[in-house]
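Q: I would like to learn how to read the fold and packing of a model like this one. Please show it first.

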Amino acid sequence: MIESYLPILILLAISVVNAVVILGLTYLVSPYRPTSVKSAPYESGMPGLGGTRDRFSVKFYVVAILFIVFDVETVFLVPWAVAMRDLGWEGFAAAMIFIFILTVGLIYEWKKGALEWD
Amino acid sequence: MELDFQTSVDYFWALLPEIVLSLWAMGVLLADVFQKGSRSEASRPAIAWLALAGIAAAAVANVWLMTVTGTGGMIAVDGFRIFANFILLLAAALAILVSMGYLDRHAMNRGEFYVLLMFAVVGMMILASAQDLILLFVGLELMSVAIYVLVGFNRRDPRSGEAALKYFLLGAFASAFLLYGIALVFGATGTTDLALLAETIGTGVQDAPLLLMMGVGLLAVGFAFKVAAMPFHVWTPDAYDGAPTPITALMATGVKAAAFAALLRVFAVSFGGLHETWVVAFWWLAALTMIGANLVALTQGSVKRMLAYSSIAHAGYVLVAVVAANAVGAAAFLFYLLVYTLMTAGAFGIVIANARGDRERVSLEDYAGLGWQQPVMAAAFAIFLLSLAGFPLTGGFIGKLYILRAALAADQVPLAVILVMASLISYFYYLRVVIVMYMRPAPAADTHAGLTASRPLQVAVGVAAIGVILLFFAPAMVLDAAQGSVAGLFIAQEALFGLSRGP
Amino acid sequence: MLTDILFFFFAGIAIFCGIMVVTRRNPVASALWLIGTFFALAAIYTLIGAFFIGVIQILVYAGAIMVLFLFVIMLLNLGNDYQPDLRSRAWMITAGGSGLVLLAILGRVFAADTTAPLGRLTGPEAVATQVAEYGAVGAIARPMYTDYMIVLQVTGLLLLVAVVGAVMLAKRRV
């Protein structure tokens, strides 16, 4: 079983080595002459607006919570999707009830306008 | 109908009250959000009555559940559950009735209030009847999350938000304790099923007594938080004080009753084999709660806070019945929870009624002269306060009597003495309010004119007052039902250990 | 052999990142180091055959929970002079005590006779046969959608309540 995860390990190793090599090469090869303009944070080419420690709007938080709820729903549904044939109609019914409950939540937040960025 | 829980369909029948209420709540949620022009306040009472109808439907399903028997499932189908369900549904109905005018006055009349309340009741019912620690935990969280939101429902009042945050943080701690305890109990016994746990512990199969004891201890701490027993009560006064008052009433009645029902099921039944060990911890919890809460309640200037401490003190009285851990105690436990629900919900109903506009008048002085200017309201309040104190002619007296009898049957004489002493202390602060209402003159002739008691609130308070009186004059009917309900609870346990504590 | 080396490699990463989490003064930096711990833990779960838990670890913890952490930190606007009070003696004693309890439990688990069947829990062999029969994910899906089906549905209700609650408490206009 674990052997089948070997490609992921190799991918992981390659990506780590890749990142280290690129960063290391730039550090060794490129000239390093900082000015105040160069070391300022990049904000799409415009002059920076305020600090980075500003408080964020709670609107982000609503989006994050709604994301988590449906993320967790995925976590519950993935095992069912994998074992669906094995679980038969009873498992199918259980999954449908579960999805139904969460769909009520989706309809609610949709109608409520919680998905809009007003 | 006989259920053996071999197929999932059996769960459909066994959970009918919960399913009815859940579907109803979802329907109300969608109806509210699809309602044309749902921003107008005029259409809102309909939602409240719909919610009340949902509670009634669940109660009907609960009546039908009496004809069903079943064992071996993840959910108990027994008299204890049915009795507990009725208490929880009653608490919810009273909370909905007293909410109706309140929400308008505080400009927070939204359909979600009732929807969350209904979901909280579903969580309570599952918590009170779960036969598996995992289901118990999920039910507890369903109840708690809904209540966290309801506590913070008044978004214009910073105290409401503060109460919600405090309740949420400490409630999350309590849940973590509980979950950790469940994990350790599972590690020690290999099961989360309450019936199997009783068997495993009773026959001494468990391999790791240390692990088991730590798990039981953490479970006790988690439950002590949830029922607000001292010294795990610190969140209670602030949360009760800051929450919208109808929610305070629900927290003091329904949430507490559900947590207590689960506590009794888990400790008295499943951990019955460890009775000698945990009874010591609960003995101290009960004693400390009764003495401490009543002493602190003496110093409260706000009636709402005083009632919060009163509800902590009553948790102590109920814990005495848990310590007794016999059939008499369990029957007294159910009886007391019923009368406690009536008198506490009624008392908070009066606190809601004694308001003008969106300003609640909760200090002691605000009640001066109420007895002469609003005689009916004051009389009802006096009934609830005397019942909370345990005076004769009220149901609270009979409830305390039964708990005392259970304590004596279990040879808990010192605890019985503490209960009586603590009740004597409580007379001071309950009677003080009554005296202020009748003896102290009101500042002006129209101080209490034009109080805002809505018709549904009057109904709720009236029902509660009549119930409290009836439970004194005709307790036998309810007590017989309570005794019949708990009959099955201890049978398996006694068969296992040959234990019989008390008659 | 390879798995042993990998275990110690990822365990080392997890411990290193964990130490970085508690020693950073900037909470955002702490949160980012925590992601490293989560990934190393996911690798360890995979190594011991708990593939599904490994995936969940990344999907939920490194993904969703981390987002919440960062939002909370940014929402609170903790200025620049945070957490001096976290280094008081009382906190150290609390943390040390918690660590000791954890060690005691670990010692107890290692000392226990793990071959003895405890209650219904039937030991690693039964889990292995389950996994062999239904697959690593199927072994989790089976109880979740049969015996514990009710718990799954109540969890669904819990998530629904979370949606309603988040909208009620945090949405600007309701």
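A: Of the contacts in chain B with a separation of 6 or more, 81% are between residues 24 or more positions apart; two residues are in contact if their C-beta atoms, placed from the backbone, lie within 7 Å. This is a predicted model, in which local features need pLDDT of at least 70, side-chain atom pairs count only at pLDDT 80 or more, and totals for chains, interfaces and linings use all residues. Residues are numbered from 1 along each chain as its sequence is written, while chains are lettered from A and ligands numbered from 1 in the order in which they are written.

Q: What percentage of the 503 residues in chain B do buried residues make up?

A: A residue is buried if 20 or more other C-beta atoms, placed from the backbone, lie within 10 Å of its own. In chain B the buried share is 62%.

Q: How is a pair of packed helices described?

A: By the angle between their axes and the distance between the axes. Axes are lines fitted to C-alpha atoms over the stretch in contact, and angles run from 0 to 180 degrees between N-to-C directions. Helices are DSSP runs of H or I, at least four residues, numbered from the N terminus. Helix 14 (residues 327-353) and helix 17 (residues 395-409) of chain B pack at about 160 degrees, with axes 9 Å apart. Helix 14 of chain B is therefore roughly antiparallel to helix 17 of chain B (over 145 degrees).

Q: Which residues of helix 14 of chain B meet helix 17 of chain B?

A: Among them are Phe335(B), Tyr336(B) and Val339(B). The residues that they and others in helix 14 of chain B meet include Tyr402(B) and Ile403(B) in helix 17 of chain B.

Technical notes. Helix = DSSP H or I, 4+ residues; strand = E, 2+ residues; numbered from the N terminus. Parallel < 35°, antiparallel > 145°, perpendicular 65-115°, else oblique. Buried ≥ 20, exposed ≤ 12 C-beta atoms within 10 Å, placed from the backbone.
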